[in-house]
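Colleague: I have a model open and want to learn how to read its features. Can we take them one by one?

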Amino acid sequence: MENMKSKVLEKIKGNLSPEEIKKAMIFWQPEKLSAGQMIQLGNFSSKMPFNGTVAFIDLEPTANWGHACKYFLIDENIEKIQKIDAQFPPFADNNTNFLLLSRYGVIPSDEKNFNPF
């Protein structure tokens, strides 16, 4: 699992600017989803384009609701990413299956501590 988290984080970081990485909190949901499966995260819904997982990138972690963020749909081989710009986090539905992979460019000691401060 640790190796998979590292690979996913590197793939995500490779699709963000250095400035975005420094100001963002990066979350990943390791649950594997099937191609064509409907996904509902907060007010965002879509079909998975391939077998894979979902990442959430909060670009303004200290802001209130309705701010810039992204969802990355990542294929199971960690080769392809479908990027989706959004305005709301997935946590509105108390979805706690996400792990925190990076807080302001640093790997956190507690991947379940979502505190932005």
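Modeller: Start with a side chain. This is a predicted model, and in it the His67 side chain reaches the backbone oxygen of Asn64 at 2.5 Å.

Colleague: Which side chain does the side chain of His67 make a polar contact with?

Modeller: That of Asp58, at 2.8 Å.

Colleague: Is His67 buried or exposed?

Modeller: Buried means under 20% relative accessible area. His67 has 8%, so it counts as buried. Beyond its neighbours within four places in sequence, His67 is in contact with Asp58, Glu60, Ala86, Gln87 and Phe88.

Colleague: Now the sheet. In what order do the strands run?

Modeller: Read across the sheet, strand by strand. Here 5 strands give the order β6-β5-β4-β1-β7 in an open sheet, with antiparallel pairing. β6 (81-86) and β7 (99-103) are the edge strands, each pairing on one side only. From one strand to the next, the twist averages 20°.

Colleague: How many bridges join β1 to β4?

Modeller: There are 6, between β1 (residues 25-33) and β4 (residues 52-58), and these strands run antiparallel. Phe27 has Phe56 in β4 as its bridge partner.

Colleague: Which residues is Ile84 in contact with, leaving aside its neighbours within four places in sequence?

Modeller: Phe44, Cys69, Lys70, Tyr71 and Leu73. Ile84 sits in strand β6. Its relative accessibility is 15%, so Ile84 counts as buried.

Colleague: What separates the C-alpha atoms of Ile84 and Val8?

Modeller: 17 Å, with the two residues 76 apart along the chain.

How values were computed: Residues numbered from 1 in each chain as written. Predicted model: local features only at pLDDT ≥ 70, side-chain atom pairs only at ≥ 80, totals over all residues. Heavy atoms only, no water. Pairing = 2+ DSSP bridges. Helix = DSSP H or I, 4+ residues; strand = E, 2+ residues; numbered from the N terminus. Axes fitted to C-alpha atoms, helices over the stretch in contact; angles between N-to-C directions. Buried < 20%, exposed > 50% of the residue type's maximum accessible area, 1.4 Å probe, protein only. Contact = heavy atoms within 4.5 Å. Polar contact = N/O pair within 3.5 Å; in protein donor to acceptor, adjacent residues only side chain to side chain.
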